[in-house]
Amino acid sequence: MTSNRTVAVFGAYGHTGRFVVSELVRRGLRPVVSGRDASKLDAVGAAYPDLDIRPASVDDPDSLDRALAGASVVINCAGPFARTSGPVIDAALRARIPYLDVAAEIEANLDTFGQYADRARDAGIVIVPAMAFFGGLGDLLATAAMGDWTAADEICIAYGLSSWRPTHGTRITGQVSKQRRDGRRIVFTKGQMVFRTDAAPMDEWTFPAPLGRQPVIGEFTMADTVTIARHLRTPEIRSYMTAAAVKDLSDPNSSPPVAVDGSGRSSQTFLVEVVVRSGGNERRLVASGQDIYAISAPLVVEAATRVVSGLVHGTGVLTAGEAFDARDFLESLGQQHLSLQRP
């Protein structure tokens, strides 16, 4: 446990990074804003005059060391994470501080678990990748829904997005992931990740009100599949995304999110329903809120606060559901950020 309230944010001027800086300031923490573009960092600093600004590049380890000096934890918001996570994790290990990121890239998440689990455990450091809407939220919901069950026959996640205007960063990371998997899709079935080349299936899902029955794209695998599969025993993870959101995401001409309130959130709403089935029994948990990028900030900041306060289960590379008391974590976000219901 530490009283150090300084948090380094790499990629602080990005869309999600700005939400993270704002949330840190709101909670009385001291962000150190970092990233490779000094002019963009200065723009963030103009909004928060007392911030410590430290330009750094993943190609310059010394600059990363300077950026993390004196921080209690680092939050990486800079994609593509396939390029940034490794160097920033290495810097965190050198500084002997925890690392968290908001990576939705499946391949980057798998790399983090595969390449850093032993090193982080040996160093006694906590690393929590994908601590965001995709990856962290679904994992927390699934873990809380499982409760005292030790295994499940299947875990389903249905994402009900009213729309999805991707940020520039989302488009770039999507291109990197597509290149790495050579255009193939990833599905978790029979206890393992498999590649598929056919088109994702169309389906329907009945969400709680107000969404109701919606056309969805099946096998819409996101980072939640990686995080859930790490620690919850199930042979099948099935995921679904509202077709309207996939259409928005696929439109090369769609504009970035547009702020509609003082916090910078867009009008996009989300509803995530997790269904866990075992031996004919079923458990459900639903979370809803506004703006999938904005909600990533309270998720990762709450995680960072718990990590530096010692409210974390173990060391090494952990998922959100492994690292924290899932039900308590979700409830701590409160109605301001997230509405929970068990249908």
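## A threonine at the end of a strand

Leaving aside its neighbours within four places in sequence, which residues is Thr189 in contact with? In this predicted model, the residues that Thr189 touches, once those sequence neighbours are set aside, are Val194, Arg196, Pro235 and Glu236. With Glu236 there is also a polar contact, made between the side chain of Thr189 and the side chain of Glu236 at 2.8 Å.

Thr189 belongs to strand β8, which covers residues 185-189. Because its relative accessibility is 14%, and buried means under 20%, Thr189 counts as buried.

## A threonine in a loop

Thr319 is placed in the loop that runs between β15 (316-317) and α11 (320-323). Its relative accessible area is 0%, and Thr319 is therefore buried. When neighbours within four places in sequence are left aside, the residues in contact with Thr319 are Phe113, Val128, Asp139, Thr227, Arg230 and His231.

In soluble globular proteins, nonpolar side chains tend to be buried together. Here the largest nonpolar core has 80 residues, and within this core the most contacts are made by Met131, Phe133, Leu137 and Trp164. Helix α6, which spans residues 133-146, provides the largest share of this core, with nine residues. Another core, of 28 residues, lies apart from the largest one, and its members include Leu64, Leu68, Ala78 and Val226.

The surroundings of Phe133 can be given in detail. Neighbours within four places in sequence being left aside, Phe133 is in contact with Gly138, Tyr159, Leu161 and Asp224, and also with Phe270, Val272, Ile292, Ile295, Ser296 and Leu299.

## The second largest pocket

The second largest pocket holds about 260 Å³ of space. Its lining is made up of 13 residues, and those that lie nearest the centre of the pocket are Glu23, Ser263, Arg265, Ala294 and His337. Sorted by class, this lining has five nonpolar, five polar and three charged residues.

Which helix gives the most to the lining of this second largest pocket? That helix is α1, with four residues. At least two lining residues are supplied by each of α1 (15-26), α10 (296-308) and α13 (334-337).

Terms used. Residues are numbered from 1 along each chain as its sequence is written. This is a predicted model: local features need pLDDT of at least 70, side-chain atom pairs count only at pLDDT 80 or more; totals for chains, interfaces and linings use all residues. Side-chain values use heavy atoms; hydrogens and water are left out. A nonpolar core is a set of buried Ala, Val, Leu, Ile, Met, Phe, Trp, Tyr and Cys residues joined through side-chain atoms within 4.5 Å. Buried means under 20% relative accessible area, exposed over 50%, partly exposed in between (1.4 Å probe, protein chains only). Contact means heavy atoms within 4.5 Å. A polar contact is a pair of N or O atoms within 3.5 Å; within protein, one must be able to donate a hydrogen and the other to accept it, and residues adjacent in sequence count only if both atoms are side-chain atoms. On a 1 Å grid over the protein atoms alone, a cavity is a set of points where a 1.4 Å probe fits but cannot get out, and a pocket is an open set with protein on both sides within 12 Å along at least five of seven lines; lining residues have an atom within 4 Å of a point. Grid points are joined across faces, edges and corners, and a volume is the space filled by probe spheres set on the points. Ala, Val, Leu, Ile, Met, Phe, Trp, Tyr, Cys and Pro count as nonpolar, Asp, Glu, Lys and Arg as charged, and the others, Gly among them, as polar.
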